[in-house]
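I opened the notebook to look up side-chain packing and pairing. My notes follow the order of the search.

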Amino acid sequence: MGEALPDRSCGTCTLCCVLPDIDELDKPANHVCRHCMVDTGCLAYADRPLTCRDFLCLWRTDSSLEDHWHPERSHMMVYRQGPQVTVLVDPRFPESWQAEPYLGTLRRWAEVAREDNGYLVVFTGDQVRVIDGR
Ligand code: SF4
Ligand code: SF4
C-alpha cells in the first residue's frame with residue numbers, strides 16, 4: 001500500500017499549468033496552458049492529458065515539506081523522479097530559490113540525491129543549475 005497523501009489542496013495555485021513544458025499540449029515552459037483559467041482551474045479537466053492526470057508536486061505528496069513550500073509561497077514547483085529532484089522556479093521571482101530557508105533545504109535534498117546517484121536541478125527561465133549539495 002502506498003503512503004497516504006497529506007491532507008492538502010492546491011487552492012488557487014496553478015503553477016504546474018504554467019511552469020513545465022508539456023509535450024501533449026505543445027505547451028512551452030513558462031507559458032500558461034491554454035486551458036488554464038486563473039482562479040477557476042482547468043477548463044479541459046475531463047480531457048486533460050495523462051501528464052496532467054498523473055502529476056502532483058512534492059508539496060502535495062510529501063508531508064515533510066512545510067507550508068512555506070506551497071508553490072504560491074515559495075514561487076517554486078518541486079517534483080521527484082526517482083533520485084532526481086527538479087525545481088522549476090517561477091520566473092517572476094527568479095531569486096526565490098536562493099533565499100533561506102529554501103536554499104539550505106535544496107542543498108540538503110541535493111546531498112541526499114547525490115548519495116543515491118541523483119542530482120537536484122533548478123530551472124529558472126532559460127537558466128539551468130545543478131546543485132551538488134556540497
Ligand atoms: S504546483 Fe502543486 S500545489 Fe500548485 S497546482 Fe500544481 S500540484 Fe497543485
Ligand atoms: S490541460 Fe489542464 S491540468 Fe493540464 S496544464 Fe492545461 S490547465 Fe493544467
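**Charge over a ring.** I began with Arg 48, whose charged end sits over the ring of Tyr 45. The distance to the ring centre is 3.7 Å. I keep in mind that this is a predicted model.

**Salt bridge.** How many salt bridges does the structure hold? I found one. Asp 90 pairs with Arg 92, and the closest N and O atoms are 2.6 Å apart. I then checked the accessibility of both partners. Asp 90 has 3% relative accessibility, so I noted this residue as buried. Arg 92 has 62%, so I noted this one as exposed.

**Aromatic pairs.** My search of the whole structure gave three aromatic pairs. I looked at Phe 55 and Tyr 79. Their ring centres are 5.7 Å apart and their planes stand at 85°, so I logged the pair as edge-to-face. Phe 55 is in the loop between helix H1 (50-54) and H2, while Tyr 79 is in strand E3. The two are 24 residues apart, and the pair links distant parts of the chain. Phe 55 is partly exposed, at 24% relative accessibility.

Next I took Trp 69 and Trp 109. Their ring centres are 4.8 Å apart with the planes at 35°, so this pair is tilted. Trp 69 lies in the loop between H2 and helix H3 (71-74), and Trp 109 lies in helix H4, so the pair ties together parts that are 40 residues apart in sequence. Are these two tryptophans buried or exposed? Trp 69 is buried at 2% relative accessible area. Trp 109 also counts as buried, at 14% relative accessibility. I noted a cluster too: ring pairs link Trp 69, Tyr 102 and Trp 109.

**Around Trp 109.** Which residues does Trp 109 touch, leaving out those up to four places away in sequence? I listed Leu 65, Trp 69, Val 78, Arg 80, Val 85 and Leu 120.

**Nonpolar core.** I turned to the largest nonpolar core, which has 25 residues. The members that touch the most others are Trp 69, Met 76, Val 87, Trp 97, Leu 106, Trp 109 and Leu 120. Elements giving two or more residues are helix H2 (58-61), strand E3 (76-81), strand E4 (84-89), helix H4 (102-115) and strand E5 (120-124). H4 gives the most, with five residues. I also checked the domains: at least three residues come from each of domain 1 (13-55) and domain 2 (56-134). As background, nonpolar side chains tend to be buried together in soluble globular proteins.

Definitions and conventions
Residues are numbered from 1 along each chain as its sequence is written. Chains are lettered from A and ligands numbered from 1 in the order in which they are written. This is a predicted model: local features need pLDDT of at least 70, side-chain atom pairs count only at pLDDT 80 or more; totals for chains, interfaces and linings use all residues. Side-chain values use heavy atoms; hydrogens and water are left out. A nonpolar core is a set of buried Ala, Val, Leu, Ile, Met, Phe, Trp, Tyr and Cys residues joined through side-chain atoms within 4.5 Å. Buried means under 20% relative accessible area, exposed over 50%, partly exposed in between (1.4 Å probe, protein chains only). Helices (H or I, at least four residues) and strands (E, at least two) are DSSP runs, numbered from the N terminus. Domain bounds come from an automatic or database domain assignment. Contact means heavy atoms within 4.5 Å. A salt bridge is a side-chain nitrogen of Lys or Arg within 4 Å of a carboxyl oxygen of Asp or Glu. Rings of Phe, Tyr and Trp (its six-membered ring) pair if their centres lie within 6.5 Å; planes under 30 degrees apart count as stacked, over 60 as edge-to-face and the rest as tilted. A charge sits over a ring if NZ of Lys or CZ of Arg is within 6 Å of the ring centre and within 35 degrees of the ring normal.
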